[in-house]
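This report describes how the parts of one protein model are arranged. Look at the sequence and the structure first, then read the sections in order.

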Amino acid sequence: MDLRFPIGKFQWPSTVTREQREKSIAQIAAAPAVYREAVRGLSDQQLDTPYREGGWTVRQVIHHMPDSHMNSYCRFKFALTETEPGIKAYAEDLWAELADGRGGPVETSLVLLENLHKRWVILLKSMTDKDFARCFRHSEYGLIRLDGTLALYDWHSRHHVAHITGLRERMGWI
């Protein structure tokens with residue numbers, strides 16, 4: 001198994017049904033509790049263990065989640081309020097190396113993720129089919145639809161928690 005992609009690489013969907021969107025919204029709603037459970041009981045030493053050789057530590061993965069999802073939440077809001085707004089990529093690998101990502105308490109990011117997802121789910125549940133067809137223009141990937149972005153962040157939530165739970169299993173930290 002490729003430890004970088006424990007649930008496989010993301011595949012952009014050609015279409016996203018209403019049922020698929022509802023499942024993705026439910027995944028995003030559940031993700032904060034899943035992450036909290038994934039790190040429950042881990043020591044600082046365990047939190048500072050990379051999930052794979054050359055990979056981020058568990059702590060960095062936890063801090064990455066609200067960093068990434070906050071960017072996505074803002075992208076949704078831009079796309080809902082502007083016509084194909086330009087969205088800048090960010091250097092997530094460098095963000096993970098900053099002091100808050102390397103050594104900050106995970107509780108801070110767990111609480112941030114919980115509250116961010118509460119807001120995001122309210123927004124997502126209010127969106128219409130037409131809203132999900134809206135797009136933003138990503139600086140690296142071009143025109144991206146919001147329904148595809150929703151599917152991406154459903155995958156993203158499952159992807160990173162699998163890094164943590166896979167490490168716990170391999171290390172016997174269950």
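## The sheet

In this predicted model, strand β2 (residues 135-138) and strand β3 (residues 142-145) are antiparallel partners, paired over 4 bridges. The chain passes from β2 to β3 by a hairpin of 3 residues. Across this pair, His138 is placed opposite Gly142 in β3.

Strands of a sheet pair through backbone hydrogen bonds, and the pairing can be parallel or antiparallel. Both senses occur here: β2 also pairs with β1, in the parallel sense and over 2 bridges, with Gly86 opposite Arg137 in β2.

## A pair of packed helices

Two packed helices are described by the angle between their axes and by the distance between those axes. For helix α1 (residues 18-39) and helix α6 (residues 106-126), the angle is about 170 degrees and the axes are 8 Å apart. Because angles over 145 degrees count as roughly antiparallel, α1 is roughly antiparallel to α6.

On the α1 side, the contact is made by Ile25, Ile28, Ala29, Ala31, Pro32, Tyr35, Arg36 and Val39. On the α6 side, the contact residues include Leu110, Val111, Leu113, His117, Trp120, Val121 and Leu124. Glu107, Glu114 and Lys125 of α6 also take part. By class, the contact of α1 with α6 has 13 nonpolar, 1 polar and 4 charged residues.

## The largest pocket

The largest pocket holds about 670 Å³ of space. Its lining has 23 residues, and the closest to its centre are Glu92, His138, Tyr141, Leu152 and Tyr153.

Which elements give two or more residues to the lining of the largest pocket? They are α3, β2 and α8 (146-171). Helix α8 gives the most, with 7 residues. The lining of the largest pocket divides into 11 nonpolar, 8 polar and 4 charged residues.

## The cavity

How many cavities of 30 Å³ or more does a search of the whole structure find? The search finds 1, and the volume of the largest cavity is about 30 Å³. Gln60, His63, His64, Asp67, Trp95, Ala96, Asp100 and Gly101 line the largest cavity.

The elements that give two or more residues to this lining are α3 (58-81) and α5 (99-103). Helix α3 gives the most, with 4 residues. By class, the lining of the largest cavity has 2 nonpolar, 4 polar and 2 charged residues.

## Drawing the parts together

How values were computed
Residues numbered from 1 in each chain as written. Predicted model: local features only at pLDDT ≥ 70, side-chain atom pairs only at ≥ 80, totals over all residues. Heavy atoms only, no water. Axes fitted to C-alpha atoms, helices over the stretch in contact; angles between N-to-C directions. Parallel < 35°, antiparallel > 145°, perpendicular 65-115°, else oblique. Contact = heavy atoms within 4.5 Å. Nonpolar A, V, L, I, M, F, W, Y, C, P; charged D, E, K, R; others polar. Pairing = 2+ DSSP bridges. 1 Å grid on protein atoms, 1.4 Å probe; cavity = no way out; pocket = protein on both sides within 12 Å on 5 of 7 lines; lining within 4 Å. Points joined across faces, edges and corners; volume = space filled by probe spheres on them.
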